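Take a walk through this protein with the coordinates open. We begin with one side chain, then widen the view.

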Amino acid sequence: MKAGSAPATVRQELKKIQAAWSWGREMGLCPARDLSRVRVSGIGVRNKRTPTVGEVARVLAVMDGWPHLAIYLLYSTAGRPVDVAYLRWRDVELELAQVTLRGKKKERQIPLDLEVVQALKTWGVGGPDDLVLGVSPKMVLGHLSSRYLAKACKTAGVHRFTPYGLRRCGEDRLARAGVDVAVYAAILGHSPAVALKHYRRATMDDCRAAMKRAALSHLPSGDVLPFAQGGRDR
């Protein structure tokens, strides 16, 4: 939890440990006793809502300070909250317009739009070891979603979403722009299979656009047989 993992992720890791311990007991490699049960708070019903671009803009319009910058960076990079919480200025290369995110697994370099570069310059560049947001990662991971983002959603009249909703929003925008799944999976720091399973959310508008592009109801001219009048068999 302190590393920024979602409660459900922690629960899955605990299940793996329990399974490994049970196997170890059967093989005589572990003491013949059960592991203590660990209670993970905050699991409940997960908010998997993906905000629209317009909703993100409305939320950002009522935010300021480090929460505003954090949400903007998450929206602009499709990163994890932990990526932004631990981001230091040595990881930001403004001249090259790119940032290195050092997430849960391997680090990855993400290009930055000029608007993001300007926002970071306006925020004020610090020393190499300084945290970009200027507050502790504990503050970001503990309060960005539950306090600041929740309040901003309410003020802006937007149905509540979480920082991970911005990550799904980022993948959706990349997919709709025609970016290859291998490319946007690399941006997210996942395999294509994981990116599609956990982050891509096809909407009805996506389906309508796909049907229109594919022209599924189209037949070559002259190949359409007339329907018999009267519909069903008379």
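Is Asp 83 buried or exposed? Asp 83 has 2% relative accessibility, so it counts as buried, the cut-off being under 20%. This is a predicted model, and every value here is computed from it.

What does Asp 83 meet? Its side chain forms a salt bridge with that of Arg 108, at 3.0 Å from N to O. Asp 83 belongs to helix 4 and Arg 108 to strand 3, so the pair ties together parts that are 25 residues apart in sequence. Arg 108 is buried too, because its relative accessible area is 8%. In general, side chains of opposite charge can pair when their charged atoms come close.

Now step back to the whole chain. The protein has ten helices and three strands. From the N terminus, the order of elements is α-α-α-α-β-β-β-α-α-α-α-α-α. There are 234 residues, and buried ones make up 35% of them.

Strands of a sheet pair through backbone hydrogen bonds, either parallel or antiparallel. Here two bridges join strand 1 to strand 2. Five bridges join strand 2 (residues 98–102) to strand 3.

Val 92 stands opposite Val 99 in strand 2. Val 99 in turn has Ile 110 of strand 3 as a bridge partner. Gln 98 is bridged to Pro 111 in strand 3. Strand 2 is mostly covered, with four of its five residues buried.

Strand 1 and strand 2 form a hairpin with four residues between them. Look at Ala 97 in that turn. Its phi is positive, about 55°, although Ala 97 is not a glycine. Most residues other than glycine have a negative phi, and most peptide bonds are trans. Ala 97 counts as buried because its relative accessibility is 18%.

Ala 78 also has a positive phi without being a glycine, at about 60°. Ala 78 sits in the loop between helix 3 and helix 4 (81–85). With a relative accessible area of 3%, Ala 78 is buried.

Back to the charges. How many salt bridges does a search of the whole structure find? The search finds five. One of them joins the side chains of Glu 107 and Arg 102, at 2.4 Å from N to O. Glu 107 is partly exposed at 49% relative accessibility, and Arg 102 is partly exposed at 41%. Salt bridges with shared partners join Asp 91, Arg 102 and Glu 107 into one network.

Another salt bridge brings together the side chains of Arg 90 and Asp 129, at 2.5 Å from N to O. This pair links distant parts of the chain, 39 residues apart: Arg 90 is in the loop between helix 4 and strand 1, and Asp 129 is in the loop between helix 5 (114–123) and helix 6. Arg 90 is partly exposed, with a relative accessible area of 46%. Asp 129 counts as exposed at 53% relative accessibility.

Next, the rings. The count comes to one aromatic pair. Trp 66 and Tyr 148 form it, edge-to-face, with 5.1 Å between centres and 70° between planes. Why edge-to-face? The angle between the planes is 70°, and planes over 60 degrees apart count as edge-to-face. Trp 66 lies in helix 3 (residues 65–77) and Tyr 148 in helix 6 (residues 137–156), so the pair ties together parts that are 82 residues apart in sequence. Trp 66 is buried at 10% relative accessibility, whereas Tyr 148 is partly exposed at 28%.

A ring can also meet a charge. The charged end of Arg 173 sits over the ring of Tyr 75, 4.0 Å from its centre.

Helix 2 holds Ala 61. Ala 61 counts as exposed because its relative accessibility is 64%. Its C-alpha atom is separated by 8.1 Å from that of Ala 156, 95 residues apart along the chain.

Finish at the surface. Trp 23, Met 27 and Leu 29 form a nonpolar patch there, with about 380 Å² of accessible area together. Leu 29 is in the loop between helix 1 (7–26) and helix 2 (53–61). At 62% relative accessibility, Leu 29 counts as exposed.

Definitions and conventions. Residues numbered from 1 in each chain as written. Predicted model: local features only at pLDDT ≥ 70, side-chain atom pairs only at ≥ 80, totals over all residues. Heavy atoms only, no water. Pairing = 2+ DSSP bridges. Phe/Tyr/Trp six-rings, centres within 6.5 Å; stacked < 30°, edge-to-face > 60°. Buried < 20%, exposed > 50% of the residue type's maximum accessible area, 1.4 Å probe, protein only. Lys NZ or Arg CZ within 6 Å of the ring centre and 35° of its normal. Patch = residues over 30% accessible without salt bridge, like charges linked within 9 Å, V, L, I, M, F, W, Y side chains within 5 Å. Areas by Shrake-Rupley, 256 points an atom, 1.4 Å probe, with all protein chains shown as cover. Salt bridge = Lys/Arg side-chain N within 4 Å of Asp/Glu carboxyl O.
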